[in-house]
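Please open the structure in your viewer and keep the selection panel at hand.

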Amino acid sequence: MSSFLDRAHTVAPPGYNRFLVPPAALAVHLSIGQAYAFSTFNLPLTKLIGLSKSVPDDWTLKQIAWIFSIAIVCLGLSAAFFGRWVESVGPRKAMFTAALCFSGGFLVSAVGIYTHQLWLLYLGYGVLGGCGLGIGYISPVSTLIKWFPDRPGMATGMAIMGFGGGALIGAPLSTYLMGRFATATSNGVLETFVTMGVLYFVFMMLGVYAVRVPAADWKPAGWTAPVVANKMITKANVHVDVAYKTPQFILLWIVLCMNVTAGIAVLSQASPMIQEMFGSRVTPVAAAGFVGLLSIFNMLGRFFWASMSDYLGRRTTYMIFFLLGILLYALVPTTGQMGSIVLFVAACAVILSMYGGGFATIPAYLRDMFGIMHVGAIHGRLLTAWSAAGVLGPILLAYIREDQIAAGVPKTEAYSLTMYIMCGLLFVGFLANLAMRAVSERHHFRETASAHS
Amino acid sequence: MAVRLVLLWAAVGIPLLWGVEKTLENAIKLFQ
């Protein structure tokens with residue numbers, strides 16, 4: 001088993017079709033993307049004892065909300081801490097570890113549900129599952145970039161699209177399973193956790209089995225590296241321990257953080273936002289449909305924008321995210337004043353496509369700036385920007401909305417100020433992206449010298 | 001190799017398409 005997981009046993013034979021590798025990455029990302037659908041468990045977890053309604057011994061929604069927050073924080077931390085390990089052991093062992101952690105998280109949580117011990121859910125889905133999210137998220141990135149040196153954006157876009165799409169499978173699957181397992185004495189959550197733990201483990205094993213790394217001297221048939229020098233695409237490598245101290249890493253951290261903060265703010269409040277802005281014209285069921293629609297655009301944007309970045313360049317792609325983003329966020333309050341649901345939905349859909357696009361384009365941007373050697377590990381450290389944005393975005397939107405309502409602003413206009421603040425954040429991201437320059441040669445890795453010279 | 005390619009893409013594509021279909025079923029209610 002150990003040798004099957006080793007990097008040496010994953011080297012592809014000559015003539016291997018590289019399009020066999022993206023589905024392996026997708027199998028992992030579609031599984032761990034279930035995290036975006038965790039909210040489907042929120043209400044059932046508050047009724048484990050009362051079943052039809054919460055009773056005093058049941059857990060509260062506030063207590064349950066911590067499970068997802070812990071998972072997202074552990075995602076960022078594990079990606080940052082295990083990035084170098086993932087690079088050294090290769091994608092197969094990393095994916096296997098991610099599968100053990102993610103599925104193990106479900107099973108430990110199931111024990112927590114059975115014994116009604118909330119800390120086991122924090123430890124299970126939160127800590128263990130969160131580590132599975134982080135390791136699984138970065139595990140196929142550098143492998144895909146090596147397989148597709150001609151289209152790195154498209155390749156990573158394909159995999160990271162899976163993380164966006166995971167919620168589209170996870171939400172209906174968990175709802176279906178809970179309905180199927182519900183009895184007079186159980187609401188089916190326990191059985192659903194066990195089933196999903198097993199199902200996702202099997203599905204992730206598909207990725208473990210199928211993933212391959214290219215031989216060291218492999219390149220796509222008929223492809224030669226571009227000879228025309230592009231200052232924004234390095235041919236050198238930067239060591240991960242050097243990369244995170246460079247101004248380019250800090251600028252990219254700001255770029256990702258600002259882009260994610262703005263997008264995640266809309267995503268986290270999408271349902272109440274559309275209902276409050278358009279009043280009785282939007283029912284809760286329709287608002288749930290709106291959230292689903294945004295998830296589809298979040299997923300499609302990952303593939304579309306990352307693929308486009310291969311032609312437009314990474315910096316130009318992020319320029320579009322920030323400038324078009326500022327325009328659209330500024331337009332959102334106007335769509336509410338106009339009473340145009342179609343325009344509002346269209347603006348939010350494009351915003352969410354660029355939110356997903358920001359995630360999917362960043363690995364290729366890192367490859368352009370720091371080279372391929374430690375791109376997975378550098379990507380892992382950059383994902384701490386996601387953790388920060390995951391806290392900043394929703395809090396900003398929720399607090400400012402509450403302040404606005406307390407100040408007497410009608411609910412239909414309570415989001416206007418937040419949208420303008422988001423424009424400001426995007427402008428900060430725009431400036432950081434504008435300041436991006438090639439990494440200085442003194443940071444480049446030289447094999448004969450120490451880590452850097 | 002071609003059969004393996006089709007099987008692998010089907011294994012990830014079919015669940016994803018199922019999820020998209022279920023999501024669109026709900027999303028359509030927004031415009032009804």
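**Stop 1: where the chains meet**

Select the contact between the two chains of this predicted model. Chain A contributes 23 residues to the contact, and chain B contributes 19 residues. On the chain A side, four helices each supply at least two residues: H2 (21–32), H8, H9 (189–210) and H12 (284–312). Which helix gives the most to this side of chain A? Colour H12(A), for H12(A) gives the most, with 9 residues.

**Stop 2: chain B**

Chain B holds 1 helix and 0 strands. Its C-alpha atoms fill a box of roughly 45 × 10 × 5 Å along the principal axes. Of the 32 residues in chain B, 22% count as buried. While the helix is in view, a general point may be recalled. An α-helix has 3.6 residues a turn, so residues three or four places apart point the same way.

**Stop 3: chain A as a whole**

How many helices and strands does chain A have? There are 17 helices and 0 strands in chain A. The radius of gyration of chain A is 22 Å, close to the 22 Å that the globule rule gives for 453 residues; chain A is therefore as compact as a globular protein of that length. The C-alpha atoms of chain A fill a box of roughly 65 × 50 × 35 Å, taken along the principal axes. Of the 453 residues in chain A, 53% count as buried. Among the contacts in chain A with a separation of 6 or more, 81% join residues 24 or more positions apart.

**Stop 4: the two domains of chain A**

Select residues 2–210 in one colour and residues 240–443 in another: the domain assignment of chain A gives these as domain 1 and domain 2. The centres of the two domains, taken over C-alpha atoms, are separated by 23 Å. Domain 1 brings 28 residues to the contact between them, and domain 2 brings 31 residues. On the domain 1 side, H4 (61–89), H7 (141–147) and H8 (152–181) of chain A each supply at least two residues. H8(A) gives the most to that side, with 12 residues. By class, the domain 1 side has 16 nonpolar, 8 polar and 4 charged residues. H8 also belongs to the helices that each supply at least two residues of the chain A side facing chain B.

**Stop 5**

Select Gly371(A), which is placed in the loop between H14 (341–370) and H15 (375–382) of chain A. Is Gly371(A) buried or exposed? Gly371(A) counts as buried, because 21 C-beta neighbours lie inside 10 Å, and the cut-off for a buried residue is 20 or more. Apart from its neighbours within four places in sequence, Gly371(A) is in contact with Thr234(A), Ala236(A), Asn237(A) and Val238(A). Next, draw a distance from the C-alpha atom of Gly371(A) to that of Thr195(A): the two residues are 176 residues apart along the chain, and these atoms are separated by 41 Å.

Finally, select H15(A), a mostly covered helix in which 8 of its 8 residues are buried. Its buried residues include Val375(A), Ile378(A), His379(A), Arg381(A) and Leu382(A).

Technical notes: Residues are numbered from 1 along each chain as its sequence is written. Chains are lettered from A and ligands numbered from 1 in the order in which they are written. This is a predicted model: local features need pLDDT of at least 70, side-chain atom pairs count only at pLDDT 80 or more; totals for chains, interfaces and linings use all residues. A residue is buried if 20 or more other C-beta atoms lie within 10 Å of its own, exposed if 12 or fewer, and partly exposed in between; C-beta atoms are placed from the backbone. The radius of gyration is taken over C-alpha atoms; the globule rule is 2.2 Å times the number of residues to the power 0.38. Two residues are in contact if their C-beta atoms, placed from the backbone, lie within 7 Å. Domain bounds come from an automatic or database domain assignment. Ala, Val, Leu, Ile, Met, Phe, Trp, Tyr, Cys and Pro count as nonpolar, Asp, Glu, Lys and Arg as charged, and the others, Gly among them, as polar.
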